[in-house]
2 protein chains.
Amino acid sequence: MARLVMKFGGTSVADVERIRNVARHVKREYDAGHEVAVVVSAMAGKTNEMVGWCREAAPLHDAREYDTVVAAGEQITSGLLAMTLEAMGVTARSWQGWQLPILTSNAHGSARILNVNGGELIKRFKERNEVAVLSGFQGIHKETGRITTLGRGGSDTSAVAIAAAIQADRCDIYTDVDGVYTTDPRVVPRARRLERIAFEEMLELASQGAKVLQVRSVELGTVHNVRIFVRSSFDRPEDIDPYASHPPGTLICDEEEIVEQQVVTGIAFSKDEAQISIRRVRDKPGVAAAIFGPLADASINVDMIVQNVSADGATTDITFTVPASDYDRAREVLKAAHDQIGYDRIDGASDVAKVSVIGIGMRSHVGVAAEAFSALAERGINIRAITTSEIKFSVLIDAAYTELAVRTLHTLYGLDK
Amino acid sequence: MARLVMKFGGTSVADVERIRNVARHVKREYDAGHEVAVVVSAMAGKTNEMVGWCREAAPLHDAREYDTVVAAGEQITSGLLAMTLEAMGVTARSWQGWQLPILTSNAHGSARILNVNGGELIKRFKERNEVAVLSGFQGIHKETGRITTLGRGGSDTSAVAIAAAIQADRCDIYTDVDGVYTTDPRVVPRARRLERIAFEEMLELASQGAKVLQVRSVELGTVHNVRIFVRSSFDRPEDIDPYASHPPGTLICDEEEIVEQQVVTGIAFSKDEAQISIRRVRDKPGVAAAIFGPLADASINVDMIVQNVSADGATTDITFTVPASDYDRAREVLKAAHDQIGYDRIDGASDVAKVSVIGIGMRSHVGVAAEAFSALAERGINIRAITTSEIKFSVLIDAAYTELAVRTLHTLYGLDK
């Protein structure tokens, strides 16, 4: 007997027929004797419909009222799933964020979960054998008593936070892919599904463009050591063996649970990058703040930052990347700040890509990045910039070479199936 | 300066443009210096959509989950209206039933309001000049903490209960008619809008088929002496003078507020009636229970009941009406109970109509009903049965004569405009 959280996203609950399919997944685990908490999103399309109404009502709308409106989507799904389960003979009840409660910060629209009270759920597992059906994405602010939401994709985070609160053995994220791959299978057909991946690796993969899970859910899993299992929502419930120790999917877990650790686990890439280089910046304290402060004020998200040691002791070049859609705006912000920063000129390119190689094994292996640089050079791929961290290195290259670079590195590190 | 509740139904908030129109109505009263609480329904069609999902999910669904699902409709509207008001410069916030709270009984799907806490609203009127935007139709059960709903049309009841809780000077019900008429204007073009009507009269009118207001809202208004003002939601906000002492509409109030009391205030009618007569029922204690018990068990709503004093001292005839749609079922129930009841035969007709004449003035005037009987006889309309109460009498006639009877009585009692 295990205690499980099962999370289903919007496409899995898009209509009543699919909600019934979700209920069959839940019944499978329930019938196998597991204690189950289900976390659901709004029916696909419903959140967009409600967001559309908010925009139409007031372009600059009150974020508290926005949260009140959009949280209704998850409320509907949780009620529908609970009644479907009841009709199948599974004892169940729905829980809204304010009922549990799931306490959050006051940052409406992108609130952070502060505390989840799981006591009542555990009590009901024991006393009533009752499945808990929880609305994802939403919570309540303790002082104001108002409904909050966690931002897009927040239901993943809800699921992991609830799993932590009830000390679940596993948090199953049912999604439209059947696990986490060594890289995007659409680019590299020989990409393999990973059986396991360490939290830290998944964090890098998730923030480097793999869209499987919301980054914050992985952060929470890391902090609370919640084993997250990514699996397919398309599998037919009746085809799954609830007693199998290894159902198909990817387990995100502590690195100690991963016996045969590869040096490189996966390769992420992002093509929506633009590179900006500021030439002959005066090399003095405060210059980085003078550059990145105005960009932050303009809500431009800066990613890779490369600053080399000054050659002449007086000036240096600083290179960084921004989302391609912010390229023009970022250049304008920097031009306006020319006098505060002090520089010769701005270079840049909006057709660049970032390729990242990720693996906890890099910690104990030397020369991993060097192999990549040779392999890319052999293929004639020029590296514009390099950044490294303990378990990852990233290279910035011309976007046209993205697929070639990813395939080259995928083969190089033995990831092909 | 007055304290007002303003209630808007589903068609008034059917889309964002109409919600904006509602906001202009609210702003008009707010700008005039009034303290305002607004009660809203779900956007037209949304409740039906959600009810459809519930039926699809489980034909016999859990009423608690049903309430969770459908209450989302009002939540959406209240958030949208609050943000629209804010965008117009009106301080506002939305309130769900559980936030206030509005405590109800545990009868999910048709809960009764037990208590409304209006203290926080009054505090915010005074301290922040804030408009309260409340979700109608919903509440919370104190012990279970679960969302309840009041049943169809429940937002009228919410509005009156909130008006009582905050001691509002008036509860304005904005609806698709511009007031309460002496009778249905589609049948009698000369029907007049009543400027005022007493609570008791409105109760009779509402339960006799006038669909303007939910009956329970009028009951609540009677008990708590909440003045209810029925007015049109189609009037353009800018055409209404918020300082007018008599805006167009009908005020439902204590009879003492009505100076020039008419003998007859209005005429209601219902064509969806069927008559059942049980012939030669044994006239002994318990026979009425033997008849109406099985009908109640079958959820058949019995209305007019006429039992005459027995002529032979041994048997009597009992006549009553049921909704036309229950006619066949009611006869079957009675046939099945033949041995318990004991009767000769059952007669009946499914093409009958009930016409009711209502007026508080009847209390102090004699012969009011007799005038009607003469007038109907002159027109050749046969009366099948008669019932009377202190402020009302009803006649059962052939359905084909309904319009003629209503028009005849409308003229007879001086109600034509």
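How far apart do the C-alpha centres of domain 1 of chain A and domain 2 of chain A lie? In this predicted model, the two centres are 34 Å apart. Domain 1 of chain A covers residues 3–256, and domain 2 of chain A covers residues 266–412.

The two domains also touch: 15 residues from domain 1 of chain A and 15 residues from domain 2 of chain A take part in the contact. On the domain 1 side, helix H6 (residues 199–207) of chain A gives the largest share, four residues.

Let's step back to chain A as a whole. Its secondary structure comprises twelve helices and 18 strands. Along the principal axes, the C-alpha atoms of chain A fill a box of roughly 75 × 50 × 30 Å. A compact globule of 417 residues would have a radius of gyration near 22 Å, and the 24 Å of chain A agrees with that. Buried residues account for 50% of the 417 residues in chain A. Among contacts in chain A between residues at least 6 apart in sequence, 76% link residues at least 24 apart.

Chain A has a partner, too: 29 of its residues are in contact with 29 residues of chain B. Helix H1 (16–31), helix H2 (46–57) and helix H3 (63–87) of chain A each give two or more residues to this side, and H3(A) supplies the largest share, 15 residues.

Here are the two contact sides by residue class:

Notes. Residues are numbered from 1 along each chain as its sequence is written. Chains are lettered from A and ligands numbered from 1 in the order in which they are written. This is a predicted model: local features need pLDDT of at least 70, side-chain atom pairs count only at pLDDT 80 or more; totals for chains, interfaces and linings use all residues. Two residues are in contact if their C-beta atoms, placed from the backbone, lie within 7 Å. The radius of gyration is taken over C-alpha atoms; the globule rule is 2.2 Å times the number of residues to the power 0.38. A residue is buried if 20 or more other C-beta atoms lie within 10 Å of its own, exposed if 12 or fewer, and partly exposed in between; C-beta atoms are placed from the backbone. Domain bounds come from an automatic or database domain assignment.
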